[in-house]
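Trainee: Before I rely on the labels attached to this model, could we go through them one at a time and set each value against its cut-off?

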Amino acid sequence: MKFCQSCGMPMGQTDEMYGLNADGSKSEDYCKYCYVNGRFNKVDETMEEMIETCIPFMVKEGISAEKARKMLEEQLPTLKRWRPGKA
């Protein structure tokens, strides 16, 4: 399964969740919530801000806020957007 390389959200089996590049083609790396028209939705967002954004969505899925934070703190640094050298 593919995951958004910005927020870590599962992308699913269809194109529905994929963001768009500037030329209108599907982004292979980022979801529609993080990536619009070839740009990150929140260009200056830090990884810490992304964690705070994602926690409430994970809580709605039944994960405790503490567990969500721990999962995100482990996962996000491994994703393309947040690795040194960035995407």
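Mentor: Let us start with burial: a residue is called buried when its relative accessible area is under 20%, exposed when that area is over 50%, and partly exposed in between. With that cut-off, Tyr30 is classed as buried, and so is Phe40. Please keep in mind throughout that this is a predicted model.

Trainee: What makes the pair of Tyr30 and Phe40 edge-to-face?

Mentor: The structure holds three aromatic pairs. For Tyr30 and Phe40, the ring centres lie 4.9 Å apart and the planes make an angle of 80 degrees.

Trainee: Why is the pair of Tyr30 and Tyr35 called tilted?

Mentor: Tyr30 and Tyr35 are 5.0 Å apart centre to centre, with 35 degrees between the planes. Stacked requires under 30 degrees and edge-to-face over 60, so an angle of 35 degrees falls to the remaining class, tilted. Both Tyr30 and Tyr35 are buried, and ring pairs link Tyr30, Tyr35 and Phe40 into a cluster.

Trainee: How do you know that Thr46 counts as partly exposed?

Mentor: Thr46 has 33% relative accessibility, and because this value lies between the limits of 20% and 50%, the label is partly exposed. Thr46 sits in the loop between strand S4 (39–40) and H1; its C-alpha is 8.7 Å from that of Trp82, although Thr46 and Trp82 are 36 residues apart in sequence.

Trainee: And what makes Ala68 count as buried?

Mentor: Ala68 has 0% relative accessibility, which is under the 20% limit, and therefore Ala68 counts as buried. Ala68 is part of helix H2 and, residues up to four places away in sequence not counted, touches Ile55, Met58 and Ile63.

Trainee: Which residues touch the most other members of the largest nonpolar core?

Mentor: That core has 19 residues, and those touching the most other members are Cys4, Cys7, Cys31, Cys34, Met50, Leu72 and Leu76. Strand S2 (26–31), H1 and H2 each supply at least two residues of this core, and the largest share, five residues, comes from H1. If we leave aside neighbours within four places in sequence, the contacts of Cys4 include Cys31 and Cys34, as well as Tyr30.

Trainee: Which elements supply the lining of the largest pocket, and how does that lining divide by residue type?

Mentor: The largest pocket has a volume of about 610 Å³, and of the 22 residues that line this pocket, the closest to its centre are Cys7, Met9, Cys54, Phe57 and Met58. Helix H1 (47–60) and helix H2 (65–75) each supply at least two lining residues, with H1 giving the most, six residues. By type, the lining divides into 13 nonpolar, four polar and five charged residues.

Trainee: What is noted about the phi of Asn37?

Mentor: Most residues other than glycine have a negative phi. Asn37 has a phi near 50 degrees, a positive value in a residue other than glycine, and Asn37 lies in the loop between strand S3 (35–36) and S4.

Conventions: Residues numbered from 1 in each chain as written. Predicted model: local features only at pLDDT ≥ 70, side-chain atom pairs only at ≥ 80, totals over all residues. Heavy atoms only, no water. 1 Å grid on protein atoms, 1.4 Å probe; cavity = no way out; pocket = protein on both sides within 12 Å on 5 of 7 lines; lining within 4 Å. Points joined across faces, edges and corners; volume = space filled by probe spheres on them. Helix = DSSP H or I, 4+ residues; strand = E, 2+ residues; numbered from the N terminus. Nonpolar A, V, L, I, M, F, W, Y, C, P; charged D, E, K, R; others polar. Core = buried A, V, L, I, M, F, W, Y, C linked by side-chain atoms within 4.5 Å. Buried < 20%, exposed > 50% of the residue type's maximum accessible area, 1.4 Å probe, protein only. Contact = heavy atoms within 4.5 Å. Phe/Tyr/Trp six-rings, centres within 6.5 Å; stacked < 30°, edge-to-face > 60°.
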